[in-house]
Amino acid sequence: MHRIAKSAVSAIVLAVAATGAGLQAQDLPTRAFTGNDLFKLEGAADPQISPDGSQIVYVRMTGDVMKDTYRPSLWLVDVKSGAQRPLAADGGANFSPRWSPDGKRIAYVSAGSDGAQIHVMWLDSGTSARVTGLPDGPGSIAWSPDGRQIAYSMRVPGEGATLGKAPDKPEGAEWAKPLTIIDKVTYRFDDAGYAKPGFDQVFVVSADGGASRRVTSGKWDAGGPLSWSPDSRAILFTGNRVEDWERAGRESEIYRVDLASGGITAVTNRVGPDFAPRLSPDGRKIAYLGFDDSVKAYEDTQLYVMDADGSNPRSLTASLNRSINDFAWSDSGAIYAVYADEGVTKLARIGLDGKRNVVAEGLQPGAISDRPYAAGEFSVSRNGTLAYTGTAIDRPGDLIVQAAGGKARQLTRLNATWLQGKDIAPMRKLAVKAPDGLAIDAWLIEPPHRRPGERVPMILEIHGGPNAEYGPGFSTDYQLYAAAGYAVLYTNPRGSTSYGADFANLIDKNYPGPDYDDLMAAVDAAIADGVADPDNLFVTGGSGGGVLTSWTVGKTDRFAAAATQKPVINWTSESLTADLATFAPRYWFGAMPWEQPMEYWRRSPLSLVGNVKTPTMVVVGEDDYRTPASESEQYYAALQLRGVPTTLVIVPEASHHGIAGRPSQSAAKASAIITWFDRYRKGKTPAN
């Protein structure tokens, strides 16, 4: 590239201003955050520290404008110097790095023209070799303690259901596709689509390559994460091997498979999910996650420990009143665990006596996200050195290292240079009290360069779940909204997680309901704060937030416009068409739709559509199977029939969770919402 002196740039700008020719406005840099900037973002994800704590391999997520995706590559960082270098950054997708026990090799998954395959890299030479030739993508890869084998899970095709047969097809004839016969309770999955016949099973392969060996079988799924016994002779996995497993709700148990005999033994046995088993370094204890299923909408996931034979199970976090998201053993026998606490992701050291010591706060996800859900990833070395994703709230997560008992040190600054030229909207916490006096966490983002005392249009953005939580993190949607001149208010109303099970269950069997009052109290607080213009209020949200958006415009006319994203509109139709058909009737209603039809109707936003006057856009992914597109189409049709201004926006080939997965679609979706709001924004001439 040719460099141009600052004075020359100034001369060009003055010449353009004087003549109106030459460079166009779009050729000049802008300090505003734009849709194009989504391709520039990078994030550090899945940090894996070496056994001796000297190096960290992480997944670097990089925007690829030509492929319209975020491409994962592997980078290696020296902990002492902070120097980093690419390990697997060949333009393909490389992810799931895992260290060998001796720290000399890294296994990872590389997806290319031959599909997703396990590779092993020898660090001394930098040589990488493919060790599998699989028909389907592997998951949950785990090294055996002796370093000789790698375990993984993979889908094994099965025989599909049949009913009769078509006539014999003449040779060379072009006939329609054969019938699809479905006989399963759950027959499609969001992100994955319609399920192909078969089950997930556990395999092992030599770390030097060669044919894989399947070690589980049967008409049950065997899932990860996988954990080896210290003698490399057995593997722990999670499954549900009861006869009526399809209708068993949250049920799952931990199993042990003996590699020599193939025998499978249940290690846990209770009503409720038990999963994510990990054997202690000495092999005497198993730590795992789970809870007793009381058929409530929400339960905190607790960290348990038991003897290696499954005896003496006990919770280490019963008094924490927070849900554990992930954990790892250290060689000292302590366990490190990550959890969200009032929207802030924390990392704590937990002893086998249950004593906790928070060692890090403010973990952030490394993935690029349109909304600020609380998350964070970590790993721990044998000497207790931690690697995790975190840092600032105005950018995706970077890589942090922290020695045992020491201070945190940032190792990467992936977005620092280009973000210096951008105006990132500031964020602050806002105090909110619900009508019944309950404290509600809320955060307010202001447009860059807002003048003191100036009231601006404000968007209330509502999180999904509804049992989930937002936190003080980075969000591409919010930055785009703020750059367009909007303040953004987001909250954790009752029903949100990270405040304890009691808080989350304030909407148990009553959602949507009193959470609406919390949201309106937050809007009132933003107006009282002096930021929000009460005549320019807007509302949006996705999934559970889409439910509440549709519910809100059926309850009040205070919003100038709304955009409900991937909502549930009719609980009866959703519960019988969603991919998780067993969940809503059991945990959110306690009855089937035909048993309590009026309760399903009472809590459906469609029941309030006769009240709606607010211009409301409806947004959904074409391949959404969690809140199927038919839900959005119902609402759009109802609004059209009533004459309420509406528009249906369909994101092509997008699932429920992937509606903002591709940068161009994420930017376009945000732009569509901004344009819709601008159309009804007082004091602004809409672009179109």
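Leaving aside neighbours within four places in sequence, Val488 is in contact with Trp443, Leu444, Ile445, Met458, Ile459, Glu461, Tyr478 and Tyr481. The model is predicted.

**Val488**
- Val488 lies in strand β34, which spans residues 487-492.
- Because its relative accessibility is 0%, and buried means under 20%, Val488 counts as buried.
- Between Val488 and Ser655, which are 167 residues apart along the chain, the C-alpha separation is 25 Å.

- In soluble globular proteins, nonpolar side chains tend to be buried together.
- The largest nonpolar core comprises 102 residues, and those with the most contacts inside it are Met458, Leu460, Tyr481, Leu489 and Phe677.
- Helix α5 (residues 515-528) gives the most to this core, contributing nine residues.
- Not counting residues up to four places away in sequence, Leu460 touches Leu489, Leu519, Met520, Val523, Phe538, Val539, Thr540 and Phe559.
- A second, separate core has 16 residues, among them Val109, Val131, Leu134 and Ala207.

**Antiparallel sheet**
- An open sheet is formed by four strands in the order β19-β20-β21-β22, with antiparallel pairing.
- Strands β19 (274-279) and β22 (314-315) stand at the edges with a single partner strand each, so one side of each is left without a neighbour in the sheet.
- Six bridges join strand β20 (residues 285-290) to strand β21 (residues 302-307) in the antiparallel sense.
- Leu289 has Leu303 as its bridge partner in β21.

Definitions and conventions: Residues numbered from 1 in each chain as written. Predicted model: local features only at pLDDT ≥ 70, side-chain atom pairs only at ≥ 80, totals over all residues. Heavy atoms only, no water. Helix = DSSP H or I, 4+ residues; strand = E, 2+ residues; numbered from the N terminus. Buried < 20%, exposed > 50% of the residue type's maximum accessible area, 1.4 Å probe, protein only. Contact = heavy atoms within 4.5 Å. Pairing = 2+ DSSP bridges. Core = buried A, V, L, I, M, F, W, Y, C linked by side-chain atoms within 4.5 Å.
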